[in-house]
Amino acid sequence: MAEMHIISIIVEHKPGVLYEVSNMFRRRNFNIESITVGTAGQEDLARMTITVLGDESMIEQITKQLHKLVDVIKVARLDPSNSVIREMALIKVHVADSNVRSDVIQYASIFRGNIIDVSTDSLVIEITGDPEKINAFIELIQTFGIKEIARTGLTALQRGGKAFRA
Amino acid sequence: MVKITGAQAIVQSLSREKIKFVFGIPGGATLPLYDVFYDSNIRTILARHEQCAAHMADGFARASGRTGVCVATSGPGATNLVTGIATAYMDSSPVVAFTGQVPRKVIGKDAFQEADVIGITTPITKHHFQLKDVLEIPKTIKMAFHIASTGRPGPVLIDMPKDIQIESGDMKFPEKVEIRGYNPNYKPHPVQVKRAAQLLMNAKRPLIIAGGGVIISEATNELIKIAEFLMAPIAITLMGKGCVPEDHPLFLGMTGMHGTPDSNILVNEADVILAVGTRFSDRTTCKLECFCPEAKIIHIDIDTAEVGKNVKVFLPLIADAKIAIMQIYDALQKKSVKRKSQWFKRTKELGEYIMSQKSNNDGCINLVQLISELRRSLPLDSIITTEVGLNQMLAALYFKILKPRTFISSGGLGTMGFGFPAAIGAKVARQDVPVVDIAGDGSFLMTAQDLACSISEKIPVIVLIINNKMLGMVAQWQRLFYNRRYSATELKGIPDFVKFSQAFGAEGVRLESLKDLPKIIKRAIKSDVSTVIDVPISPEANVFPMVPAGAPLKDILWGEKNG
């Protein structure tokens, strides 16, 4: 059964590694739902958080194939029930008048979002949370007219004191 | 420390890796490197197409077990390597490929003869490097050879911008390198070893499937020991050919699409299969859902990703084949005594039944007899390479190989044109034995220009062309499954191979009668130049037995006749 899985990998932080990783997915007919990349605490290391829709055997193959790449140093599957998972979205909303403006600001504050840009006819909201929360917020303010959305894709860490590093 | 150039550092690194031969073609972006080769102890063998250079390095590696090296210039030189690199990758062959690259400051500007060779070869190399800092050259090359030759071997590419070959620096040559993302595991888990021994001990009908991994890890003796202890028959994959001597009583032959009936039938009857160094390719398993329905599979492989990739495995052992088999064997000895099994009786009876089913008759030279005669004419340690198609399957089925690394064939990628340059590479590695390419007319013509290399570099090999003036294997499928509609498989423009070879300065002979073969081979072995033997056969020739694509292993087409 296809389910969402989160794979966290530590890689060499150098040019071409993202290509290598994404190329493996393409070549082996796997599909990346989202991928986030950033440094991982050490200058020469980066962390990639990859979400994949697939069944158990497929995820097993993906982790093994990732592990085979020389520039991939560590591979871990994150258990969603035991991980903190976050995504950020920037949402530009059309505000026709001051009533709409105050409604949007109120909704944003309920969802603990921040207003980070204001113009005469629009607002940009920054919202962080698990993907479901962001989905719910987007649905809620859709009626006002969304002009643009930028989502980061999710990033995640395992809960508790154990560290996963190279 | 002395200041040396990047090109000098590359050549010194190669010498430190004990490289004596490089196969390649120079070009604009490798001029500095070739200039250093000019005074070095490394012999440059001038191929006539970069694809051949890669196949030669591959053939060298497979015949010797040591890493082969090929060199190409940037752009078209590099892209011409691609087929050769992909071939080595699919068959886990240790090759280090050096490519020239445009100077660093014009990379990405579409400079003359620029190609993104790293981008192109990422999916077909084990790893790749682009030299960015002249001081990193010795370490990078050390890493490349380490990665290519350890764990599951494979090709590694090093892209060398031209300016870095010229630049100078104070070089340090490391004795060892550590790569934090690369640690192949050689020792099996002790618990898994115990469980494997238990399973095998309790098996009523144990069977071994041996793949190329047995040859790579040099586990022949261990495999025979455990097979004899268990009285387990041994089936091989194409890549495993040579891993056990084919005159061994437990040897069943190849399994798969063109497997022997013995092995295809018995694989399906086994209750425990010990699979060693095989990746269960589709050509081995045929219809996956029907593969070994009865069997619990113990899978020994050094590559974790191969376990469970194609077939469901009951017990995986991630380890070097030799070490794993040895440990299982030791565990077995503590547990049980050598058995006498009913299973062996069954395998013998089946073998006799199958022998009685074989029939041969045809006006032309009979192919099975041709291959048998070739075997008789050659010393036992001769190396056989093959092209791909009918010639390959004939050789795999009927040429009896007795020693590891004496059968070299493009199994995974199935590269036509592989056999001849691979033979040249193998001959460079093993100048003491005859090397014979069992070829087809279609395949040979794909890389035949390297006759010029074999003549000028004085590397004599023997090419036996099974000439049906057809793309034989494709035609066989058209005959069997496409109602004899020979769409584009008749090779009408095939040259007279005798004259063709003579034009290069090689010996060209036509085999008119089978009884002439021993004489011709004898002469060819003694000859200073390559010999091409043209063997005209019927365009209707088939190679049987075979299992149709998509069918289960047991659906064997026996064929009315071979040849």
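The legends below describe a predicted model.

**Close-up 1. The two faces of helix 2 of chain A.** Turned away from the buried side of helix 2 of chain A is a face that carries the exposed residues Glu56(A) and Ser57(A). The buried residues of this helix are Ile62(A), Gln65(A), Leu66(A) and Lys68(A); they cover an arc of only 155° around the axis, which puts them on the same side of helix 2. What covers these buried residues includes strand 1 (3–12), helix 1 (17–27), strand 3 (45–54) and strand 4 (72–78) of chain A.

**Close-up 2. The length of helix 2 of chain A.** Helix 2 comprises 13 residues (56–68), which at 1.5 Å a residue should span 18 Å, and this agrees with the 19 Å that separates its end C-alpha atoms.

**Close-up 3. The contact between chain A and chain B.** Chain A brings 18 residues to the contact, and chain B brings 13 residues. On the side of chain A that touches chain B, the elements giving two or more residues are helix 1, helix 2 and strand 4, and the largest share, seven residues, comes from helix 2. By class, this side of chain A has five nonpolar, six polar and seven charged residues.

**Close-up 4. An open sheet in chain B.** Six strands of chain B, paired in parallel, form an open sheet in the order 16-15-17-18-20-19. Strand 16 (407–408) and strand 19 (507–510) each have a single partner strand and stand at the edges, so one side of each is left without a neighbour in the sheet. Within the sheet, strand 15 (residues 383–386) runs parallel to strand 17 (residues 435–440) and is joined to it by four bridges, with Ile384(B) standing opposite Val436(B) in strand 17.

Notes: Residues numbered from 1 in each chain as written. Chains lettered and ligands numbered in written order. Predicted model: local features only at pLDDT ≥ 70, side-chain atom pairs only at ≥ 80, totals over all residues. Expected span 1.5 Å × (residues − 1). Buried ≥ 20, exposed ≤ 12 C-beta atoms within 10 Å, placed from the backbone. Arc of directions from axis to C-beta. Contact = placed C-beta atoms within 7 Å. Nonpolar A, V, L, I, M, F, W, Y, C, P; charged D, E, K, R; others polar. Pairing = 2+ DSSP bridges.
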